[in-house]
Amino acid sequence: MLSSIVIDADPSSSLRRALRIDLDDSSETLVSQDIYWVKDRDAYVFTPEYSGLMTVSMECTEMIKGSALDSIVRVYNNRGRTIAVNNDATSETRDAQVQFYVEADKNYYILAYGRRSVGSYQLLIDQPDQDSPVWEDHDFSNRIKTADTDSLDFIDDYESTVYGGIYPVRDQDIFKITIPYSGTYSIDMSTPDSILDSYLLLYNYRYRVVARNDDISYADTDSYIEFEAQEGDVFYIRADAWRGSIGTYELTVSCLEDYEPLVTDTDSDSDVDPLLLAGDISNSQQDTNTTETTGSSEGQTWLLAVAGTDYHGYANSLSGPAVDVEIVSTIATDQFGVDSDHSRIICGGDDLTYASFEAGVNWLAASASADDLVLIYYSGHGQYGSSYYLNDNEELLLPDNSIVSENTMAAWVSRINPAASKIVIIDSCYSGGFTSIAGALEKTAVISSSGHDQSAWDEVSSYYPSADITSGGIFSNWLRYGFAGYADTNNDGRVSFLEAFNYTDLNINLSTGTGWNNQDPQINTSIDLDQILARVTV
């Protein structure tokens with residue numbers, strides 16, 4: 001049953017004087033009203049009876065003064081913080097729609113208005129009912145170390161489906177699957193009952209990204225991946241959202257052809273978690289397409305460290321990156337024996353430009369030989385590609401006021417000796433997208449300090465093992481402690497790059513928690529980072 005409310009007076013534009021709406025007990029509530037002038041705002045307040053997922057749609061119904069309303073709907077919680085906002089629900093409409101989770105008996109506020117437009121509208125509020133599942137019923141682990149192993153089960157069929165949800169913002173669900181039959185598989189992340197803009201990633205047993213997809217097409221924000229696999233292979237599926245959207249989803253993994261189980265004679269243990277805190281993957285199955293490095297003592301280690309600090313009014317200047325490059329330079333010197341002849345630091349001001357950044361990489365390309373280890377570190381601003389009219393999946397580095405895209409970085413790194421081991425560390429907001437370039441380059445690992453849609457903490461505001469940390473980013477400082485010896489969980493007197501990353505990842509997750517502040521480092525590698533060892537100094 002649809003409860004319809006027609007309001008004669010124009011609602012206040014202030015949340016404090018918002019017009020209270022009594023929601024229909026059975027299902028949906030429809031509010032009809034007008035946006036009379038461009039800066040007009042209509043504020044409403046409601047109190048849901050039950051907890052659950054709620055949808056609010058704002059549809060233009062009639063033109064006023066010859067104009068059709070370009071709807072915008074914004075939702076606030078009882079503390080006045082925005083929890084959902086939308087302008088266009090799809091690329092083909094000017095109507096708006098948001099979806100968010102509510103708790104029973106708490107106030108929520110809706111602000112309805114137009115984007116430089118006027119017109120009549122209908123506000124459709126679909127609230128949860130008594131039988132609506134609580135959000136916890138849709139939630140799964142967001143850590144690969146505790147990935148869900150039970151929900152995607154192929155025992156009796158060639159297909160398996162799980163129903164999940166992304167909430168709060170920055171939430172993600174990770175599933176571990178073991179392939180039952182050799183063949184071609186698909187992963188379909190659809191959103192039939194929500195407006196979630198899904199984002200799908202597939203990792204192999206080494207936590208290397210082997211496939212990803214944001215949108216199936218320009219008009220379809222669901223995600224889809226196909227991949228080849230052998231019986232017994234272990235993969236991790238990450239169900240995520242693009243740009244902070246939330247909602248429910250269906251995740252289906254299918255074998256696309258009928259295969260008889262392939263019987264192989266192997267003793268490999270395919271059930272070993274690749275990201276144990278000790279970094280021990282010696283019992284994991286080996287990837288025949290992965291080139292390993294032993295960190296040969298015969299080779300040299302090179303460092304290029306870049307800090308973006310001064311942005312000349314186009315973006316906020318940063319103080320943390322200057323400290324970050326000092327920290328990473330100290331790691332390179334103390335733990336990897338890098339001397340001044342093998343190290344180059346470019347730190348802000350007039351020293352850092354697009355040209356000087358590229359020149360630094362060219363210096364590595366001209367210097368590094370096949371047995372060497374090359375470290376490239378960047379700390380500074382990062383941005384979404386769509387802000388510069390590029391693809392939504394494209395992340396950017398902003399070393400000063402210039403742009404270094406994923407493709408540019410991949411082209412630069414490709415100039416370095418392909419037989420050298422290369423580790424690129426991107427310490428910036430939205431840096432997770434850069435991990436994809438490791439898949440196209442030989443003997444290359446890319447580590448990011450945050451996810452593809454996450455901010456990175458520039459200044460220290462967290463607990464560390466000692467109290468001498470006063471500045472720099474949260475990623476570089478935890479990395480410093482990891483390499484100093486705190487990450488040596490197997491007590492062998494050495495810290496591998498994998499151990500240091502796992503230690504840093506764990507402590508950043510504990511420090512930043514979940515929600516908008518969450519920072520989730522990423523890694524993608526075609527080299528064995530467990531074999532690249534550092535000296536312990538603690």
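This briefing describes helix, sheet, aromatic and charged contacts in one protein structure. The model is predicted, and every value given here is computed from it. A search of the whole structure finds six salt bridges, and the structure also holds 16 aromatic pairs.

**Helix 1**

- Helix 1 covers residues 320–336, and its 17 residues reach 23 Å from the first C-alpha to the last, close to the 24 Å expected at 1.5 Å a residue.
- The buried residues of this helix include Val325, Ile327, Val328 and Ile331 among the aliphatic side chains, together with Asp324, Ser329 and Gln335.
- The helix is followed by glycine 337, whose phi is positive, near 70°.

- Five strands form an open sheet in the order 2-4-9-6-7, and their pairing is mixed.
- Strand 2 (19–20) and strand 7 (82–86) are the edge strands, each of which pairs on one side only.
- Strand 7 pairs with strand 6 (residues 71–76) in the antiparallel sense over four bridges, and within this pairing asparagine 86 of strand 7 is the bridge partner of valine 73.

**Aromatic contacts**

- Among the 16 aromatic pairs is the one between tyrosine 101 and tyrosine 167, which is tilted, with 5.3 Å from centre to centre and 50° between the planes.
- This pair links distant parts of the chain, since tyrosine 101 belongs to strand 8 (residues 96–102) while tyrosine 167 sits in the loop between strand 11 (159–166) and strand 12 (173–178), 66 residues apart.
- Tyrosine 101 counts as buried at 11% relative accessibility, whereas tyrosine 167 is partly exposed, with a relative accessible area of 27%.
- The ring centres of tyrosine 354 and tryptophan 412 are 5.3 Å apart and their planes stand at 65°, so this pair is edge-to-face.
- Because tyrosine 354 lies in helix 2 (residues 354–367) and tryptophan 412 in helix 3 (residues 406–413), the pair ties together parts that are 58 residues apart in sequence.
- Tyrosine 354 is partly exposed at a relative accessible area of 33%, but tryptophan 412 counts as buried at 2% relative accessibility.
- Tyr354 and Trp412 also belong to one aromatic cluster with Phe357 and Tyr378.
- In a contact between a charge and a ring, arginine 480 lies over the face of tyrosine 481, at 5.4 Å from the ring centre.

**Salt bridges**

- Arginine 94 and aspartate 70 form a salt bridge in which the closest N and O atoms are 3.9 Å apart.
- Arginine 94 is partly exposed, with a relative accessible area of 44%, whereas aspartate 70 is buried, with a relative accessible area of 6%.
- The side chains of aspartate 520 and arginine 143 meet in a salt bridge at 3.0 Å, N to O.
- Aspartate 520 lies in the loop between helix 5 (497–512) and strand 28 (522–525), and arginine 143 in the loop between strand 10 (119–126) and strand 11, so the pair ties together parts that are 377 residues apart in sequence.
- Aspartate 520 counts as buried at 4% relative accessibility, and arginine 143 also counts as buried, at 12%.
- Aspartate 240 forms a salt bridge with arginine 238, the closest N and O atoms being 2.8 Å apart; aspartate 240 counts as buried at 4% relative accessibility, and arginine 238 is buried with a relative accessible area of 3%.
- Salt bridges that share partners join Arg143, Asp505 and Asp520 into one network.

Methods: Residues are numbered from 1 along each chain as its sequence is written. This is a predicted model: local features need pLDDT of at least 70, side-chain atom pairs count only at pLDDT 80 or more; totals for chains, interfaces and linings use all residues. Side-chain values use heavy atoms; hydrogens and water are left out. Helices (H or I, at least four residues) and strands (E, at least two) are DSSP runs, numbered from the N terminus. The expected span of a helix is 1.5 Å times one less than its number of residues. Buried means under 20% relative accessible area, exposed over 50%, partly exposed in between (1.4 Å probe, protein chains only). Two strands pair if DSSP finds at least two bridges between them. Rings of Phe, Tyr and Trp (its six-membered ring) pair if their centres lie within 6.5 Å; planes under 30 degrees apart count as stacked, over 60 as edge-to-face and the rest as tilted. A charge sits over a ring if NZ of Lys or CZ of Arg is within 6 Å of the ring centre and within 35 degrees of the ring normal. A salt bridge is a side-chain nitrogen of Lys or Arg within 4 Å of a carboxyl oxygen of Asp or Glu.
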